[in-house]
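Please keep the sequence and the 3D view open while reading.

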Protein chains: 2
Amino acid sequence: MNFKEELTGLTALVDNYLKDYFERLVSEVPETTLIESMQYSMMAGGKRIRPVLTLAVAKMMSADLSEVMPFAAAIEMIHTYSLIHDDLPAMDNDDYRRGKLTNHKVYGEAMAILAGDALLNEAFNLLFKTASEAGEKMEMFVKSSCVIAGAAGKDGMIAGQVIDMESEGRQIPEETLKTMHRKKTGALIMASIIAPAIFTGMSDDEIKALSEYADCIGVAFQIRDDILDVEGTSEELGKSTGSDAKNKKTTYVSLYGLDEAKRMLRDVMQKAVGTLSVFGEKAWFLREIAGYIAERRD
Amino acid sequence: MNFKEELTGLTALVDNYLKDYFERLVSEVPETTLIESMQYSMMAGGKRIRPVLTLAVAKMMSADLSEVMPFAAAIEMIHTYSLIHDDLPAMDNDDYRRGKLTNHKVYGEAMAILAGDALLNEAFNLLFKTASEAGEKMEMFVKSSCVIAGAAGKDGMIAGQVIDMESEGRQIPEETLKTMHRKKTGALIMASIIAPAIFTGMSDDEIKALSEYADCIGVAFQIRDDILDVEGTSEELGKSTGSDAKNKKTTYVSLYGLDEAKRMLRDVMQKAVGTLSVFGEKAWFLREIAGYIAERRD
């Protein structure tokens, strides 16, 4: 199987599910500005890396992809709400994301706050609704949802955002940088991999291996992000580059320099691939997507 | 049993649970500003009406109150997050609530947005965690949690907030006013009553009766709010009064006048009490609390 084809296929599955989901919501709910603003950000060209990872893990276990789609969709909703709130004037005050106006630039600040709230809420609404209809798989579904709820909250993504905020404009030590990324982006990537692993009944050893893998690609994702802010073009990224240096942000590049950051990226990539040995050939897509994350241009 | 004593007792149960809950979080999490700001608003003198209703319904069914406490706490967290976000400069821009500085006046806008997000997330984190440990009661717990997730989101509380926002500064027809309140405040009051009703295994007829009761006290709550904005004092309310008229807000008083609003309040109160006949004597507390809501001074 060709990696690009498989990536395109899984991304399309996610895109179509989310497209249908929000079109249905728009058609069902009479007061639609809220739903439209939710839909706007959900359909604003995200790469769907997290939900694709969810489907890929399930596929590796030969599971029914439709059964894990609620995890994938909920995680993408949580990811999207966090972007909407991060972009607000009181936070990063960004006008563009992925080349499109940010939610509050289109719908206003108040609606953007509510659209973010509603996406976070809808993620859990979808998870609880699916759990309530999961029959004999309810227990596994609930256990997997716990991982998502934990990763998104005060100990995970939001804690990371707070560290980021409190580190603004000053250089922070490596350990703080790592903790920040592990929480801010790593936690939800971890959940996108571990939730389907639990749901499909993986062994503890397999889950441990996937946890290490997830940890590595979370770090790889962030190092690549930092490199792109120096080397990428605004056209590719759909946002301004060089903003980290301008904002005196601590990054892997500011701490170690560009060459060392690239070496670290290669190392963590190799480590990610190494953790997958327990799965043999069937982990081929997870191996390839680690490379894709480390080499992406946007 | 004396109503005031019972109300004080149930409120204390909720207060102590939440106090312990957030003190534990503060002690567990090293980066504490986020948790402190969550704790600040959770402990800012809320009346705990919703969680008290949850406990009261469970008590009426002779259920173990500790089993429904996660519903009660989650609902109060959701209520509190909605207040934090409502108070933000981009929304109602309020400096005080219950006589205390609002969250963003103490912790700043960015932290207030994140504290709200984290409380919403924590509500579902608590529900999923409890569900995963609920054993044979998992199915009922998940079904009850569905009601909460549905009430808080895009079809419920948040939709009501959007209608409120879009109605700002102009008079709206009675039907819109009712829909707004039914969603903005009614939905979560409904969930606080129906979640424990489902969990404790009430019959469909009993749940239907309680739904009508919840609908009535939601309306009563709002009419009383509108009357207090005209008749109450700032000292009692801990916020400025007369703001509805100043903001040209549509209220029961602006639509019908003060006397008619009071008559409507009495009517809806009587209706609330009437719906409880199916439960006989054991619904005594729910009868009394309807009166309490209709006559409250803050």
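Where is R98(A) found?

## Basis of the model

R98(A) is found in the loop between β1 (96-97) and β2 (100-101) of chain A. Residues are numbered from 1 along each chain as its sequence is written, and chains are lettered from A and ligands numbered from 1 in the order in which they are written. The model is predicted: local features need pLDDT of at least 70, side-chain atom pairs count only at pLDDT 80 or more, and totals for chains, interfaces and linings use all residues. Helices (H or I, at least four residues) and strands (E, at least two) are DSSP runs, numbered from the N terminus.

## Loop arginines

R98(A) is not a glycine, yet has a positive phi of about 50°. R98(A) counts as partly exposed because 15 C-beta neighbours lie inside 10 Å. On this scale a residue is buried if 20 or more other C-beta atoms lie within 10 Å of its own, exposed if 12 or fewer, and partly exposed in between, with C-beta atoms placed from the backbone.

In chain B, R98(B) is placed in the loop between β1 (96-97) and β2 (100-101). R98(B) is partly exposed, with 15 other C-beta atoms within 10 Å. Along the sequence R98(B) and S234(B) are 136 residues apart, but their C-alpha atoms are 9.6 Å apart in space. Another arginine, R48(B), lies in the loop between α2 and α3 (49-60) of chain B. R48(B) has a positive phi of about 65° although it is not a glycine, and with 22 C-beta neighbours inside 10 Å it counts as buried.

H104(B) sits in helix α5 (residues 103-107) of chain B. H104(B) counts as buried, since 25 C-beta neighbours lie inside 10 Å. Leaving aside residues up to four places away in sequence, H104(B) touches D87(B), L88(B), E109(B) and A112(B); two residues are in contact if their C-beta atoms, placed from the backbone, lie within 7 Å. From H104(B) to A159(B) there are 55 residues in sequence and 23 Å in space, C-alpha to C-alpha.

C216(A) belongs to helix α10 (residues 204-231) of chain A. C216(A) is buried, with 24 other C-beta atoms within 10 Å. Its contacts, not counting residues up to four places away in sequence, are V268(A), K271(A), A272(A) and T275(A). C216(A) and T275(A) are 59 residues apart in sequence, and 9.2 Å separates them in space, C-alpha to C-alpha.

## Helix packing around α4 of chain B

The axes of helix α4 (residues 65-87) and helix α9 (residues 174-199) of chain B come within 10 Å and cross at roughly 165°. That makes α4(B) roughly antiparallel to α9(B). Axes are lines fitted to C-alpha atoms, for helices over the stretch in contact, and angles run from 0 to 180 degrees between N-to-C directions; under 35 degrees counts as roughly parallel, over 145 as roughly antiparallel, 65 to 115 as roughly perpendicular and the rest as oblique. The crossing of α4(B) and α9(B) is right-handed. A crossing is left-handed if the near helix is turned anticlockwise from the far one by less than a right angle, and right-handed if clockwise. Residues of α4(B) in this contact include F71(B) and I75(B), and those of α9(B) include L188(B) and F199(B).

The axes of α4(B) and α6(B) come within 8 Å and cross at roughly 165°. These helices are therefore roughly antiparallel to each other, and α4(B) passes α6(B) in a left-handed crossing. Among the residues that meet are M77(B), Y81(B) and I84(B) of α4(B), and L119(B), A123(B) and L126(B) of α6(B).

## How the chains meet

In the interface, 42 residues of chain B are in contact with 42 residues of chain A. On the chain B side, α2 (33-42), α6 (109-132), α7 (138-152) and α8 (157-166) are the elements that give two or more residues. The largest share, 15 residues, comes from α6(B).

Chain B can be laid on chain A by a turn of 180° and a shift of 0.0 Å along the axis, with an RMSD of 0.0 Å. The two copies are thus related as by a two-fold rotation axis. Copies are superposed by least squares on the C-alpha atoms of residues with pLDDT of at least 70 in both. Of the interface residues of chain B, 100% are also interface residues in chain A, so the copies meet through the same surface.
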